[in-house]
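Reader: Hi! I'm new to this one. Could you walk me through it?
Author: Happy to. Let's look at it together.

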Amino acid sequence: MILHGSSNVINTIGHEARHVFQNYKMMHNIVENKYDLFMLYDTLVDFYTKGAYWDNYYKQFAEIDARIFGYAVEEKFLNMYGYTLSSISKEKNNADMMLLAQEDTMRVIDGKEVLLENQLLSILNENLDLYDKYPQLHYEFIKNQEEIRFKTKDELVDNYILNKDKTKDQLLLELVVRGKRREELKRKNDIHNSVSK
């Protein structure tokens, strides 16, 4: 197989093993970084929205992560036998790394572009039990009586300041930045809407 330049099966094994690891983390409330949250968001939106998975397959954080891991496993395997990853595979891997770094949360839902986290918020408010079932959601969302909403930038800053788990510092800081961006975007939209009226 290697002599004929095909190590795709090794890549596939790595890819699928990564999905097992992702699911383990999700089911055990293990959040190491914002991508773990994004994977959960994609998973919940996929489950509650018909066609969302296939309409957004290449942008799904779990799929990007699994593709990157698959290439890493394939490359390590090839290197053990003195071979290297093909240039095409390296280009695909680099493209996936760039895609992950962009943190693109735009998704196509029912033919319209929406933000992943906004779609999730709508789903959470229709299925309030999900908030308690997945404590990972508590990082970026908060439940007030019978409504779930995004945490404000100030609430996210408080989480960061009161954090006792230093391994979460980077994650919490990134969520503060996301909260700030979300509030700035909302303010701009509110201004735009008031001007256009």
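Predicted model: local features only at pLDDT ≥ 70, side-chain atom pairs only at ≥ 80, totals over all residues.

Reader: Okay, and what is the secondary structure of the chain made of?
Author: There are nine helices and four strands. Starting at the N terminus, the order is α-α-α-α-α-β-β-α-α-β-β-α-α.

Reader: How far does the C-alpha trace span along its principal axes?
Author: About 65 × 45 × 30 Å.

Reader: And what share of the residues is buried?
Author: Of the 197 residues in the chain, 41% are buried. As for the surface, the chain exposes about 12100 Å², and carbon and sulfur atoms supply 56% of that.

Reader: Let's zoom in. Where does glutamate 140 sit?
Author: Look at the loop between helix 7 (129-133) and strand 3 (141-144); glutamate 140 is there.

Reader: Is glutamate 140 buried or exposed, and why?
Author: Glutamate 140 counts as buried because its relative accessibility is 0%, and the cut-off for buried is under 20%.

Reader: Which residues does glutamate 140 touch?
Author: Leaving out residues up to four places away in sequence, glutamate 140 touches Tyr41, Arg149, Phe150, Lys151, Leu156, Leu175, Arg178 and Arg182. With arginine 182 there is also a polar contact between the two side chains, at 3.2 Å.

Reader: Which helix has Arg182 among its buried residues?
Author: That's helix 9, where Leu171, Leu172, Leu175, Val176, Arg178, Gly179 and Arg182 are buried. Leu175 and Arg178, like Arg182, are among the residues that glutamate 140 touches.

Reader: What covers the buried residues of helix 9?
Author: The cover includes helix 2 (34-48), helix 6 (116-126), strand 4 (147-150) and helix 8 (153-162).

Reader: How many residues does helix 9 have, and what is its reach?
Author: Helix 9 runs over residues 169-196, which is 28 residues. From its first C-alpha to its last it reaches 41 Å, close to the 40 Å expected at 1.5 Å a residue.

Reader: New topic: is lysine 112 buried or exposed?
Author: Lysine 112 is exposed, because its relative accessible area is 59%, and the cut-off for exposed is over 50%. Lysine 112 belongs to strand 2 (residues 112-115).

Reader: What separates the C-alpha atoms of lysine 112 and glutamate 146?
Author: A distance of 28 Å, with the two residues 34 apart along the chain.

Reader: Last one: how far apart are the mean positions of the positive and negative charges?
Author: They are 3 Å apart, for 27 positive and 32 negative charges in the chain.

Conventions: Residues numbered from 1 in each chain as written. Heavy atoms only, no water. Helix = DSSP H or I, 4+ residues; strand = E, 2+ residues; numbered from the N terminus. Buried < 20%, exposed > 50% of the residue type's maximum accessible area, 1.4 Å probe, protein only. Areas by Shrake-Rupley, 256 points an atom, 1.4 Å probe, with all protein chains shown as cover. Lys, Arg positive; Asp, Glu negative; His and termini not counted. Charge placed at Lys NZ, Arg CZ, Asp CG, Glu CD. Polar contact = N/O pair within 3.5 Å; in protein donor to acceptor, adjacent residues only side chain to side chain. Contact = heavy atoms within 4.5 Å. Expected span 1.5 Å × (residues − 1).
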